[in-house]
Amino acid sequence: MAFFTQKTEDETKKVAPKKAASKKVAPKKVALPVSSKNSAYADILLRPMVTEKVHAISTSGQYAFFTNYDVNKFEIKKAVEQIYGVHVKSVSTSRVKPKKRVRGKDVGYTRRLKKAIVSLRKGETIALFEGV
């Protein structure tokens, strides 16, 4: 049983045909769409909170978001201003501890999150609840 065999003369003489020299073309510069420009902030704001209480405070110019656990108020403010194009007056945060979940003998925990309530300047709104 031979795993390594010698190549025959026909196999060693086979040479791949040469390709014609192609000119290198510089890649075209494409303008990025607005959504991909904000991709750096997609990791900060996870999703808006949609509850009755949040809907009630939205009339006074406050909106709530679930955010990444490790971000601070300044990063949240910058992300909201860049994504929604509004001016943020203040940011309040609170941490949500993970809850224990048991399925049979498997024990796990929910994801830890941070809640952020963002207050906007007077007269500005975010169209989160339009059509609800």
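Predicted model: local features only at pLDDT ≥ 70, side-chain atom pairs only at ≥ 80, totals over all residues.
Local features here need pLDDT of at least 70 and side-chain atom pairs count only at pLDDT 80 or more, while totals for chains, interfaces and linings use all residues. Residues are numbered from 1 along each chain as its sequence is written, and side-chain values use heavy atoms, with hydrogens and water left out.

Going along the sequence, the elements run α-α-β-α-β-α-β-β-β-β, with helices (H or I, at least four residues) and strands (E, at least two) taken as DSSP runs numbered from the N terminus. Here are the chain totals:

| Item | Value |
|---|---|
| Mean pLDDT (predictor's confidence in each residue, 0 to 100) | 80 |
| Residues with pLDDT of 70 or more | 67% |
| Buried share of the 132 residues (under 20% relative accessible area) | 22% |

As for contacts with a separation of 6 or more, 61% are between residues 24 or more positions apart.

Now the surface. Val102, Val107 and Tyr109 make up a nonpolar patch with about 330 Å² of accessible area together; patch members have over 30% relative accessible area and no salt bridge, and nonpolar side chains are joined within 5 Å (a salt bridge puts a Lys or Arg side-chain nitrogen within 4 Å of an Asp or Glu carboxyl oxygen). Tyr109 sits in strand β5, residues 106-109, and counts as exposed because its relative accessibility is 59%, with the cut-off for exposed being over 50%.

Notes:
Patch = residues over 30% accessible without salt bridge, like charges linked within 9 Å, V, L, I, M, F, W, Y side chains within 5 Å. Areas by Shrake-Rupley, 256 points an atom, 1.4 Å probe, with all protein chains shown as cover. Buried < 20%, exposed > 50% of the residue type's maximum accessible area, 1.4 Å probe, protein only. Contact = heavy atoms within 4.5 Å.
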